[in-house]
Amino acid sequence: MASQDWFDKDFYKVLGVSKDVSEADLKKTYRKLARKHHPDSNPGDAAAEATFKEVSEAYAVLSDKEQRAEYDQIRAMGSGARFTASGQGNNAGFEDVFSAFNRGRGQTADFDDIFSMFNQGGGSFGSGRFGQPSGGYRGAGGPQRGADVTARTTLDFTTAVKGDTITLQGEDGKPFKVKIPAGVSDGQKIRLRGRGRPSPDGGERGDIVISVTVRPHPVFTRDGLNLRITVPVTFTEAVLGATIEVPTLGGDPVKLKVAPGTPSGRVLRVKGRGVTTSKGTGDLLAQLEVAVPAHLDEVAKEALARFQELEPKENPRADLLSKARG
């Protein structure tokens, strides 16, 4: 920022606050104005963007204790202390500014004091720390948002489906609690707002982003909000029909009726026994699979041989062979 701007701009007036405003009230006022005039909230509005830049510029100076003190000192010298050419106006020129640094030093001005005040280590006017942006929109200034922190956790299948509150360890080694919503899926990310790293200059904190891995279940699998399970039935249960018990996740088994002549692979639906989330409740899908006995005694073999003689002489693969031939 050019030194002339420090005399011309009233940052307190830009933000609409008094000169003794506290840091907390200053930040609160800035955030309110920044939200109101942010270009993202006012697309195509050049006036809003200009106001946003002015507000951010003012906050960048007044939020820094050293800059604010130096700004107040410069403003206290009065509007007559301007860097203008010699002879322009009454008592204009460097004398007004130098006088503030020469009290008690005699008649010789210490150029290092005045130049370091505006340039902080050299360079031309405006190249130093005054007005340096600390982030914000298009380098206009304003506080930066803190960085996000990533974490990982592995959940058992039931916890992921039902939801729970778990404890994780933070970057600082301290434990913190995380509420796992019901129905979280493998690979999903959970974002904890404002729980990440702090802003370097008084802005909002970052988030904690947790990547979730779900352990497979030995019986159930997820299909959206539905749960799937493969249920074995015997040959006679499938042929003659039966009532069977099917397990549910975390609950009592339910009874399902298998109709006579049910083929292997048929799916029976149990309403409302799936995953429950804010989006709804799924079902339990039980896929029947005819189990072939691995061991038969001689009596059973003889009975099957007699059945084979009596069963319909139909080839269950006839349709398959016909479609394959074209």
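**Burial, salt bridges and patches**

Mentor: D207 is buried, at a relative accessible area of 3%. Keep in mind that this is a predicted model.

Trainee: Why is D207 called buried?

Mentor: Buried means under 20% relative accessible area. D207 has 3%, so D207 is buried.

Trainee: What makes D207 and R193 a salt bridge?

Mentor: The rule asks for a side-chain nitrogen of Lys or Arg within 4 Å of a carboxyl oxygen of Asp or Glu. The closest N and O atoms of D207 and R193 are 3.4 Å apart. The pair therefore meets the rule. D207 and R193 both sit in the loop between strand 4 and strand 5, 14 residues apart.

Trainee: Why is R193 called exposed?

Mentor: Exposed means over 50%. R193 has 65% relative accessibility, so R193 counts as exposed.

Trainee: What makes D283 and R269 a salt bridge?

Mentor: Their N to O distance is 2.9 Å, and the limit is 4 Å. D283 lies in the loop between strand 12 and strand 13, and R269 in strand 10, so the bridge ties together parts 14 residues apart in sequence. D283 counts as buried at 9%, whereas R269 is partly exposed at 49%.

Trainee: Which residues do salt bridges with shared partners join into one network?

Mentor: R145, D148, R191, R193 and D207.

Trainee: How many salt bridges are there by this rule?

Mentor: The count comes to 12. One of them joins E23 and K65, at 3.7 Å from N to O. E23 lies in helix 3 and K65 in helix 5, so this bridge ties together parts 42 residues apart in sequence.

Trainee: What makes the patch of K28, K32, R35 and K36 positive?

Mentor: Lys and Arg count as positive, and the patch is formed by K28, K32, R35 and K36. K28 is in helix 3 and is exposed, at 62%.

Terms used. Residues are numbered from 1 along each chain as its sequence is written. This is a predicted model: local features need pLDDT of at least 70, side-chain atom pairs count only at pLDDT 80 or more; totals for chains, interfaces and linings use all residues. Side-chain values use heavy atoms; hydrogens and water are left out. Patches are made of residues with over 30% relative accessible area and no salt bridge: like charges are joined within 9 Å, nonpolar side chains (Val, Leu, Ile, Met, Phe, Trp, Tyr) within 5 Å. Accessible areas come from the Shrake-Rupley method with a 1.4 Å probe; for residues, only the protein chains shown count as cover. The place of a charge is taken as NZ of Lys, CZ of Arg, CG of Asp or CD of Glu. Helices (H or I, at least four residues) and strands (E, at least two) are DSSP runs, numbered from the N terminus. Buried means under 20% relative accessible area, exposed over 50%, partly exposed in between (1.4 Å probe, protein chains only).
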